[in-house]
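User: Please take one part of this model and describe it closely. Then place that part within the whole, giving the cut-offs behind each term.

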Amino acid sequence: MSEEDFIAGESDGDMSIGRDLIDGSDGLAIHAEGLIHRFGDTTAVDGVDLKVVPGEIYGFLGPNGAGKTTTIRKLATLLRPDSGTARVFGHDIVREADAVRGRVSLTGQFASVDEDLTGLENLILIARLLGYSRKASRVRANELLDAFGLSDAAGRQVKKYSGGMRRRLDIAASIVVTPDLIFLDEPTTGLDPRSRNQVWEIIRTLAAEGTTVLLTTQYLDEADQLADRIAVIDHGKVIAEGTPGELKASVGSGALHVRLRDPEQRPEAARVLSQALGVSVQLGSDPAALSARVSDPERVSYALVELSRSGVAITDFALGQPSLDEVFLALTGRPAEDEDTAATEGEAA
Amino acid sequence: MTTPTASAQPVVREDALRLALASGKRPKRPNALSASLTFGWRALLKIKHVPEQLFDVTAFPIMFTLMFTYLFGGAIAGSTGEYLQFLLPGILVQTVVFITMYTGMGLNTDVTKGVFDRFRSLPIWRPAALVGALLGDVARYAMASTIVIALGLILGFRPEGGAVGVLLSVALVLVFSFSLSWIWTALGLILRTPNSVMMASFMILFPLTFASNIFVDPRTMPSWLETAIGFNPITHLVTAVRGLMSGTAAIPQIGAVFLSCAVLIAVFAPITMYLYRNKK
């Protein structure tokens, strides 16, 4: 299977440009080696190696508790690693933490703005802390509010903002001084599709203007949309790394999800589908649902016709990109787990 | 994948964003004082937006002054009027020192929120966020002091040290409270919840304020207790404040207060900063 190649991260092709830069080691935006972080008995980050090239959008993909946030907090100098080293633009994150802070900015998973203050006050606060004069900070704040469509809400307390507005303000606060590297921790979690698209546009613009972006996400499609390269993280370890194309190639192009009118017909439906698509079929916990990985979308229409021909009535079907679960299933042979189980397993492993 | 942004209002203005990114040059970084004052400004803004938080600095002083004057006045000094003359400087100290514990609770609430992560990732003088928060609290302490003294004057308190004496004594109380607050910032970073911070603060503050010369003259106490009370920094503060308000302050009394301030900061500020830097 191709996933073997993928896990090793050794795939040729469109990586060659990045590779030259990587070999010149000093030019890296982030270079981490063997980062380890423990919380009590739990190893949250378990030997992460990372090379991020300046100007790229790099995605951390993984379930809750995989170690994404901990890694980002470490790189942003908020946590000292228990062992391992990392350099950001050549500056050691422990010994030269202050120099690192002068190049990066952080947008945390939960709004890193002050909810009691207004949008304008938040941006003025950050601008003042970065050294803007009283007057210049107000000008800068208004400029950013305008660019992010928040001028009307400038005088409103942030706690009264919608999720999307809060997120935009959060990113605005991160670019009061244009950073060379921005960390975005799950920038779209909890946002409606429209706000999500706006945030995506912002991230693309940031990258286009030369800021390196490191973002974490739980959604494969988000990483696919934005990232030049993706690292899949599980139990504090990078289990796969590559371009979105490489990642998807290793898990198939997507999945067909089908819902039946009559759950009784599921065994029959599974038989027909697996024959028509030539793959094994997964039975979901919903007794009327089943899904199958699809390598060739053209065969889907054929499979659906086969279903109706054999008298199986369906109420709904969807052809989706592989979910994070499917990526994990393909890469690790088991579904993505949530925080608690992942933590205990991490200890055992 | 389709992008519905085309039909929607262009909320994010890409051209403006590009301009903003291009003009986001880094200015010279602010000095320690300027960064701390900016955080102090933040604390004042929070008072403006959440005035409910002033409940403690308004209700506490009124409650304490009235309660202790009228409950104990007759029994301890023979009359409430006489007792007020003795008690008011002490009650000023008691009130403000008690309010300092909210500093720890506030910080505990604050650091669990994402905004502190942002502050900690900025290239600024590290203690600024904490020093600034404490400076903001000094404004609250000043408010509480004003209420105690105003109420005292209404009830018949007559400071012989005059306005200057009263102002100096308030300034001394503020300096001491700022110094004492570093205990609570340390506790606020160690303990998990604001409630446990409050409990721990109470456990410290009750003996610290009651086992002092705030309410009664220590000479009426057993000699071992009198000796112990002599080591309590609150006792020194109350003595100095009484001295300033009655116009009889001596340099050693005030020196003792500054010494305890220096010790408190020298011990607890580094502990706080260590905890702050290594906060998980």
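Analyst: Chain B has 12 helices and zero strands, where helices (H or I, at least four residues) and strands (E, at least two) are DSSP runs, numbered from the N terminus. This is a predicted model, in which local features need pLDDT of at least 70 and side-chain atom pairs count only at pLDDT 80 or more, while totals for chains, interfaces and linings use all residues. Residues are numbered from 1 along each chain as its sequence is written, and chains are lettered from A and ligands numbered from 1 in the order in which they are written.

Along the sequence, chain B accordingly reads α-α-α-α-α-α-α-α-α-α-α-α. Its C-alpha atoms fill a box of roughly 85 × 35 × 35 Å, taken along the principal axes. Of the 280 residues in chain B, 41% are buried; a residue is buried if 20 or more other C-beta atoms lie within 10 Å of its own, exposed if 12 or fewer, and partly exposed in between, with C-beta atoms placed from the backbone. Two residues are in contact if their C-beta atoms, placed from the backbone, lie within 7 Å. Among the contacts in chain B between residues at least 6 apart in sequence, 79% join residues at least 24 apart.

The axes of α3 (residues 55–77) and α7 (residues 128–155) of chain B come within 9 Å and cross at roughly 35°. Such axes are lines fitted to C-alpha atoms, for helices over the stretch in contact, and angles run from 0 to 180 degrees between N-to-C directions. The crossing of α3(B) past α7(B) is right-handed, the term used if the near helix is turned clockwise from the far one by less than a right angle, with left-handed being the anticlockwise case. From α3(B), the contact draws on B:Val57, B:Thr58, B:Phe60, B:Pro61, B:Ile62, B:Thr65 and B:Thr69. From α7(B), the residues are B:Arg140, B:Met143, B:Ala144, B:Ile147, B:Val148, B:Leu151, B:Gly152 and B:Leu155. By class, this contact of α3(B) with α7(B) has 10 nonpolar, four polar and one charged residue. Here Ala, Val, Leu, Ile, Met, Phe, Trp, Tyr, Cys and Pro count as nonpolar, Asp, Glu, Lys and Arg as charged, and the others, Gly among them, as polar.

The boundary with chain A comes next. In total, 39 residues of chain B are in contact with 49 residues of chain A. On the chain A side, α4 (97–101), β6 (104–107), α5 (119–129), α6 (134–147), α7 (163–174) and α8 (193–208) each supply at least two residues. The most comes from α8(A), with eight residues. By class, the side of chain A that touches chain B has 23 nonpolar, 13 polar and 13 charged residues.

Among these elements, α5(A) is mostly covered, with 11 of its 11 residues buried. The buried residues of α5(A) include A:Leu120, A:Glu121, A:Asn122 and A:Arg128. They pack against α6 and α7 of chain A together with α2 (32–49) of chain B. Just after α5(A), A:Gly131 takes a positive phi of about 110°.

Chain A itself has 14 helices and 14 strands, and buried residues make up 47% of its 349 residues. An automatic or database domain assignment divides chain A into domain 1 (3–249) and domain 2 (254–320). The C-alpha centres of these two domains lie 39 Å apart.

Eight bridges join β1 (residues 30–39) of chain A to β2(A), and A:Val45 in β2(A) is the bridge partner of A:His37.

The other sheet is also open and antiparallel, with four strands of chain A in the order β12-β13-β11-β14. Six bridges join β11 (residues 254–260) of chain A to β14(A), where A:Val258 stands opposite A:Phe317. Helix α11 (residues 266–277) of chain A lies across β11, β12 and β13 (289–294) of chain A, at about 10° to β13(A). Helix α12 (residues 298–309) of chain A lies across β11, β13 and β14 of chain A, at about 165° to β14(A).

Technical notes:
Two strands pair if DSSP finds at least two bridges between them.
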